[in-house]
Amino acid sequence: MNVLRTFLLYALLVICSVVVLFPIVYAFLISFMDGAEVLQGHIWPQKFTMKNYVAAFQKVPLFEYLFNSFIVSFIVMLGQLIISSLAAFAFVFLKFKGRDVLFFLCIATMLIPWEATMIPNFLTVQKLGWLNSYLGLTVPFFASAFGIFLLRQHFKTIPLELYEAAQVSGVGRFRFFWNIVLPLSRTSLITLGVYSFLTTWNMYLWPLLVTNNDRVRTVQIGLKQMQSQEISTEWGVVMAAVIVVILPTLLLLFVGQKHLQKGLMQGAIK
Amino acid sequence: MEQIELVHVYKSYNGKDNVIHDLSVSIEPGEFFVLVGPSGCGKSTILRMIAGLETITSGTLLIGGIEVNELPPSERNLSMVFQNYALYPHLTVEQNITFGLYKKKISKQEQKKRCLEAAEMLGLTDFLKHKPRQLSGGQRQRVALARAIVTHAPICLMDEPLSNLDAKLRAKMRSEIRQLQRRLGITMIYVTHDQVEAMTMADRMMILHEGRAQQIGAPLDIYNHPSNTFVASFIGSPPMNLAKAKVLESLLLFDNGRAMRLHHHLPPSTQQIIVGVRPEHIRLAKPSDDHFIAKVVNVEVLGTETLVTFELTKNEHWIARWSGQWNIHAGEKVPLTIDETAFLFFHENGQRLDHSIPSYAAGKGEHQ
């Protein structure tokens with residue numbers, strides 16, 4: 001009975017992972033095929049070729065795109081962490097009139113789809129002259145209701161007595177925030193950091209809108225360009241580029257997850 | 001050392017119901033002052049108002065003669081120990097102790113010196129590099145104390161600091177805190193719900209009930225002269241025996257026809273009153289004594305003393321406390337006597353009936 005259950009469970013897991021992983025594995029395999037092979041519909045390349053990878057870096061300035069993506073994602077991550085943590089601190093530890101109303105208003109903005117605010121945002125960025133700059137790509141994403149919510153929930157688990165003890169001993173708010181609240185919330189900060197880095201890395205529509213030259217464009221647009229620049233798309237090259245682009249994502253998830261587990265364990269033992 | 005004074009202080013959270021009613025008290029410099037009362041009586045609220053963590057709805061709080069109602073906690077020059085210690089879990093003991101010192105413009109060397117001094121005083125020297133979670137409850141408690149004393153603040157507030165410790169450790173910390181306070185000469189305001197802590201530690205104490213001060217005074221004064229039935233039953237363990245009685249000339253009539261004769265220590269009122277007697281004042285009668293016979297309901301032998309629960313009337317059980325070990329069993333009938341100077345009389349509404357009997361003072365000395 002028990003063996004059967006385990007068997008079924010694992011069978012299900014294997015099927016699910018095959019379904020989920022197949023596209024990625026297939027993309028990985030295509031990246032080693034030449035054009036003819038792709039069109040023949042082979043799943044396993046007959047001979048592995050690195051030509052596609054070389055071509056990917058030659059056809060579009062992939063390095064530049066990667067660099068841009070990295071810069072933009074990093075700035076957004078940093079901006080979100082700073083602004084969300086400061087806002088969450090105010091929502092938890094400072095007492096002021098209308099605090100909760102303001103917080104719910106802030107949460108309510110999560111109901112507005114990002115696309116709906118795209119045009120006003122675009123006009124603002126345009127008026128500020130931020131088109132084709134890192135500023136235009138990053139600043140609109142600094143304020144994140146989700147980030148504020150996530151950190152507020154974590155900050156709320158910090159005993160209020162710690163804040164009161166700090167107040168009594170004359171420790172300033174910022175020092176308390178920096179030396180006590182942030183170190184105690186490392187887990188949530190890493191979660192939010194990974195999340196915001198990845199969402200920014202995968203962003204497509206906004207960079208497409210506010211950039212029109214290679215100097216600041218991000219990788220996702222680069223990928224799209226590869227498909228349209230040629231009359232017939234060379235799928236091998238595109239897939240090679242895709243693999244290059246998702247590598248940092250996977251790496252970050254991997255590292256981040258390890259950190260997350262560590263953080264969660266610490267909390268449990270304490 | 002500074003005096004703390006509360007003048008007609010009220011506190012209300014919702015603007016309608018007062019949690020603290022018209023509280024006026026003056027706490028002397030260097031005094032160990034205990035706020036004691038059952039849960040929810042407002043004692044922590046008072047402490048937090050003094051600390052500046054709660055606003056004062058009306059009234060004045062003076063520290064060292066200066067009104068501090070609007071002053072933030074950090075400028076009141078006091079330290080505080082919290083019930084759950086409020087240690088920063090990710091900092092070492094040393095960092096915990098010195099964390100609050102930077103604001104006071106104290107050099108690193110002086111910080112280190114004070115930290116070592118406090119650690120030594122509290123036996124924490126070996127643990128300075130440990131994190132709070134590696135410490136036992138008593139050690140954490142000491143870290144919290146050390147953090148309070150390194151500031152060299154003249155006033156220290158403590159909010160039930162011992163309630164998370166086991167009984168043995170609590171007794172030990174009780175005397176340690178008391179000694180520390182004496183040595184440093186700081187003014188201590190100490191909140192507790194435990195009347196034993198209050199009795200053993202306080203220079204003076206205030207008993208609170210439902211946001212009102214019931215009585216302020218030295219522990220023994222309060223023990224011997226409780227101002228109402230609440231104080232009488234709250235202070236002392238087991239509590240004071242109380243029973244309703246009618247006064248008929250020199251007789252006290254209890255329900256179910258039990259009567260006791262008094263010779264010269266008469267209540268000043270002749271109506272229905274409440275009679276109170278401390279358990280240690282109920283003795284086994286000698287043949288010559290005026291006595292009454294009561295049925296024993298329960299006996300608890302504690303080694304040094306024996307608690308005998310007996311039937312005063314059908315529904316009312318009183319407890320007598322005799323020192324030593326007594327071989328008495330439930331169901332036995334025993335002759336008991338009460339020194340009549342030990343009787344306290346309260347009005348039906350609970351207030352102590354005023355009386356002054358010269359023999360009372362003598363009686364008090366006898367029982368101490």
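User: Is B:Arg283 buried, exposed or partly exposed, and what is its relative accessible area?

Analyst: This is a predicted model, where local features need pLDDT of at least 70, side-chain atom pairs count only at pLDDT 80 or more, and totals for chains, interfaces and linings use all residues. Residues are numbered from 1 along each chain as written, chains are lettered from A and ligands numbered from 1 in written order, and side-chain values use heavy atoms, without hydrogens and water. Buried means under 20% relative accessible area, exposed over 50%, partly exposed in between (1.4 Å probe, protein chains only). B:Arg283 is partly exposed, with a relative accessible area of 32%.

User: Which residue forms a salt bridge with B:Arg283?

Analyst: A salt bridge puts a side-chain nitrogen of Lys or Arg within 4 Å of a carboxyl oxygen of Asp or Glu. Here the closest N and O atoms are 3.9 Å apart. The partner is B:Asp289.

User: How far apart are the closest N and O atoms of B:Glu160 and B:Lys43?

Analyst: B:Glu160 is buried at 10% relative accessibility. B:Lys43 is buried too, at 4%. Their salt bridge has its closest N and O atoms at 3.6 Å.
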